[in-house]
Amino acid sequence: MIELKELCKTYSSSSGDVEALRDINLSIRDGEIFGIIGLSGAGKSTLVRCINLLERPTSGSVIIDGQDITQLPRPELLRMRRTISMIFQGFNLLEQRSVLRNVTFPLEIAGVRKQAAKEKAMALLKVVGLEEKANAYPSQLSGGQKQRVAIARALASDPHYLLCDEATSALDPNTTRSILELLRKINKTLGVTIVVITHEMKVIDQICDRVAVIDQSRIAEMGKVSDVFTNPKSQIARELILPQDRAAIDTTGGKKIRLIFDGMHSQEPIISRMTLDCQAPVNILFADTKDFDGIVYGHMIIELPTDDNQASKILTWLKNSPVKWKEED
Amino acid sequence: MLSETFYKLWEAGILQRGIWETIYMTFLSTAISYAIGLPLGVVLNITDREGIYPVAWLNRVLGVIVNFFRSIPFIILMVAMLPVAKLVVGTSLGNSAMIVMLVIAASPYIARMVESSLKEVDAGVIEAAQSMGSNNFQIITKVLLPEAKPALIMGAVISMVTILGYSAMSSTIGGTGLGQIAISYGHQRFNPDIKWICVFLTVIIVQIIQEVGTAIAHRTDKRITK
């Protein structure tokens with residue numbers, strides 16, 4: 001378990017102090033995939049670097065498996081870091097080493113014998129599907145392949161935790177999806193606890209169990225992804241989850257209704273039934289729904305007809321239905 | 001007439017000796033200078049504010065020393081350092097003394113060259129190595145130096161050519177080699193042919209060093225897709 005307690009980080013510079021993190025309290029349970037989302041500059045990269053002490057927090061404690069690692073002497077901290085691997089947005093592979101020797105790097109650091117290291121690296125390259133690239137060099141790989149090598153390298157030291165710092169932000173949507181699937185597979189099969197830092201909600205809802213939303217150096221909101229996704233409480237979470245482009249929604253002027261799907265009504269063709277029952281058309285302005293283990297969560301914004309009669313018919317229908325909804329302004 | 005002069009000098013073994021002495025002085029000075037300049041450059045890099053082991057005062061002190069030696073023109077440095085040569089090799093004459101001078105001049109230069117080559121290594125890669133629990137020594141030997149290898153080799157080529165130039169200058173105070181032949185046989189005895197022959201041979205040596213060095217740097221660089 002990773003516990004952060006009253007964590008603060010302040011950078012002092014000639015132009016004054018900058019608070020990067022303020023009073024962060026959170027705990028990440030073993031075996032889960034925990035997401036940390038925020039806009040750039042919110043402090044999430046600093047936060048993840050405090051977990052392995054690449055950044056020293058100004059105050060507060062970082063407790064890993066019950067041990068406050070801010071108190072550890074350096075050699076023990078270095079040993080501890082082997083159990084907390086990290087992958088990066090820029091992949092950060094050693095350009096002058098082959099793929100195989102990149103994966104054996106952490107084992108070399110730990111003093112593992114060459115032959116054993118090589119065998120392990122080959123096995124890991126197989127896990128990430130790149131065993132035929134063992135003798136290639138990073139410059140010969142695509143972005144997605146580089147990140148797979150970085151993942152294999154991160155797994156070489158048998159870590160309990162894997163920190164992912166914007167690991168998919170430099171990748172295209174298809175590659176992103178396959179990398180996220182790989183991370184989920186690693187979480188399920190190897191039981192590695194994963195911390196995902198991202199600015200993209202789709203990354204969070206594709207693989208995370210719980211999420212913390214960071215805004216202005218603090219945690220604005222934290223909870224199960226399905227809860228935060230369907231019912232965001234903080235302003236920042238709403239901004240991240242709900243449509244960014246308000247202009248697209250400002251249309252002709254019918255009443256706008258937000259329908260909230262929270263897993264109860266996913267089997268029913270609600271919109272069709274509503275329009276058929278009411279004999280009135282609706283305009284779907286925005287829809288973002290996600291499938292979590294066969295249950296649909298999400299939002300949809302519909303615009304009612306300008307005709308008052310038809311609009312009130314639909315409102316009455318909605319009032320009598322089990323669908324959660326509210327009027328948008 | 002040029003070829004005649006060349007033939008005569010060759011027959012007398014003067015040119016061969018000159019070439020050998022130039023190469024010997026250049027290579028030996030470069031090797032010794034790297035033995036000093038490489039570690040110095042590494043220390044300058046890692047103790048920098050942005051380095052992996054920032055030590056502001058040490059970085060500053062070394063920086064000042066390096067700048068001091070680099071700011072003195074070689075010809076003056078050479079004369080000023082004669083007593084040091086005497087202290088180190090027991091004489092202030094001959095090639096051994098000249099090598100001491102070349103090392104004093106080249107080491108700070110090489111230190112800066114190494115420092116800037118290491119600065120080119122991606123900070124993210126260093127951070128990745130740190131996240132895996134590497135200690136600073138491992139980062140130097142397994143990340144900084146290997147990742148900067150092509151730049152370091154190119155730097156070595158530039159340094160070697162500079163040292164070759166310095167070695168010719170050292171003939172003004174008793175060094176030997178092609179520079180000395182050009183000055184004492186060519187310039188002082190009013191024989192421009194000899195001067196040009198020495199220039200020509202020097203150009204060839206420099207070309208070979210440059211081409212071979214570039215080829216090695218290119219071949220070892222794995223960033224280039226072949």
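## Contact between the chains

Chain A contributes 21 residues to the contact and chain B contributes 19 residues; two residues are in contact if their C-beta atoms, placed from the backbone, lie within 7 Å. The model is predicted: local features need pLDDT of at least 70, side-chain atom pairs count only at pLDDT 80 or more, and totals for chains, interfaces and linings use all residues. Residues are numbered from 1 along each chain as its sequence is written, while chains are lettered from A and ligands numbered from 1 in the order in which they are written.

On the side of chain A that touches chain B, at least two residues each come from helix H2 (74-81), strand S6 (84-88) and helix H3 (99-109) of chain A. Helices (H or I, at least four residues) and strands (E, at least two) are DSSP runs, numbered from the N terminus. H3(A) gives the most to this side, with 4 residues. By class, the side of chain A that touches chain B holds 9 nonpolar, 7 polar and 5 charged residues. Ala, Val, Leu, Ile, Met, Phe, Trp, Tyr, Cys and Pro count as nonpolar, Asp, Glu, Lys and Arg as charged, and the others, Gly among them, as polar.

## The sheet of chain A

In chain A, 6 strands form an open sheet of mixed pairing, in the order S6-S7-S8-S3-S9-S10; two strands pair if DSSP finds at least two bridges between them. S6 and strand S10 (218-224) of chain A are at the edges with a single partner strand each, so one side of each is left without a neighbour in the sheet. From one strand to the next, the twist averages 15°.

Strand S9 (residues 210-215) of chain A pairs with S10(A) in the antiparallel sense over 6 bridges. Within S10(A), Met222(A) is the bridge partner of Ala212(A).

## Domains of chain A

Domain 1 (2-239) and domain 2 (246-328) divide chain A, with bounds from an automatic or database domain assignment. Their centres, taken over C-alpha atoms, are 38 Å apart. In the contact between them, 4 residues of domain 1 of chain A meet 5 residues of domain 2 of chain A. Helix H8 (residues 225-230) of chain A supplies the largest share of the domain 1 side, 3 residues.

## Chain B

Chain B has 11 helices and 0 strands. Its C-alpha trace spans about 70 × 50 × 25 Å along its principal axes.

Definitions and conventions
Axes fitted to C-alpha atoms, helices over the stretch in contact; angles between N-to-C directions.
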